[in-house]
Amino acid sequence: MAEAGTGGPLEGILVADFSRILAGPYATMLLADMGADVVKVEGPAGDDTRTWTPPERDGEATYYLGINRGKRSIALDLRDPGDLAAARELARRADVVIENLRPGGMARFGLDHASVAADNPGVVYASISGFGSGAGAHVPGYDLMVQAMSGLMSLTGDPDGPPYRAGISVFDVMAGNHAAIGVLAALRHRDRTGAGQHVEVNLLSSALTGLVNHSSAWVAGGTVPYRMGNAHPSVFPYEPMPTADDDLIVAAGNDAQFRKLCGVLEVPGLADDPRFARNADRTVNREELRPLLVERLATRGAVEWFELLTAAGVPAGPIQTIDGGFAMAERFGLDPVVTVGEGDRAVPTTRHPVRFSATPAVYRLPPPRLDEHGADLRKWLDS
């Protein structure tokens, strides 16, 4: 019952989505945007995020709406023999199976990789966990835990204040992206060899690679990074700075950009000052340089400086709320909002982040109601 003619680079790929909450559903939404036919398998009570309110839209949690477009829903109680048989048949027919139960959790239903691959050797089976399927398999995987345990919270917040979590579940999203990348790579391998494989992603590994320069500071340099508020350990200026009204991000990432910055601020001599001429010098002497820059920035407002610095090729940006971020994307012609569904089912949602010149993303279905497509899917699976 895979839907034909959906468009997108993954047209014809059937995804059995046994995941819930964020990392897995985010990954499968990306695949659905790229044309895959995603069947969202939910328990009788539905995905947890259906109840994560406020905020909501027409009685539905915006959290759920934000990560479940393009899918069809079937509610299956895996403890019921008939529903379990339907789930196993779906997995047998699928090109991709994605799950994020605790490692080993799918085995008790005969839906683990080994069991599914025995009947479907070409399946790409993706598992997302908190801490892998080895010694950390028993530890529940929640983004906030991983933000704490990975070291991210030790890097976030005021230097003299407590550690803070990021404003979003950053490692769930990152793991979802990594799962999608892994699935696509495994599908490419299957195209060449005909063989499926097991793709494993865990939040802690996604976190450690996502900490990038901080991870490298420890792994390659033996240095444990510390909290610096909004400052950057290796680049200056690269932080918010006060202007005549609001704070402005100034990100002069190299010597040429710093020279341009000094030109716009009408303090060209700073670029030749031996204390500030090179990035390494500016970083060491940041406490001497900062007040000299702030003094000049205080003469205009943040938006005016943004326009002047951008025109000169100096990275800068005002600090905005999310509505301002969408407005900026509209200004730049990025068309950040698309509508999925029609009539009373129409839902505004954020555009897929990748643009394809030949096979653009598709937005076929609004986030499904619980078991919205269950009857049709059961009929198909019984045939």
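Begin by selecting serine 169, which lies in the loop between α6 (152-155) and α7 (170-193); helices (H or I, at least four residues) and strands (E, at least two) are DSSP runs, numbered from the N terminus. The model is a predicted one, in which local features need pLDDT of at least 70 and side-chain atom pairs count only at pLDDT 80 or more, while totals for chains, interfaces and linings use all residues. Residues are numbered from 1 along each chain as its sequence is written, and side-chain values use heavy atoms, with hydrogens and water left out.

Is serine 169 buried or exposed? Serine 169 counts as buried because its relative accessibility is 19% (buried means under 20% relative accessible area, exposed over 50%, partly exposed in between, with a 1.4 Å probe and protein chains only). Next, display Leu22, Tyr63, Asp143 and Gln147: serine 169 is in contact with these residues, leaving aside its neighbours within four places in sequence (contact means heavy atoms within 4.5 Å).

Now turn to the open sheet of six strands, whose order is β5-β2-β1-β6-β7-β8 with parallel pairing (two strands pair if DSSP finds at least two bridges between them). Select β5 (71-75) and β8 (197-202) at the edges: each has a single partner strand, so one side of each is without a neighbour in the sheet.

Then select β1 (residues 14-18) and β2 (residues 37-42), which pair in the parallel sense over four bridges. Aspartate 17 has lysine 40 in β2 as its bridge partner.

Finally, zoom out to the whole chain, which contains 15 helices and 13 strands.
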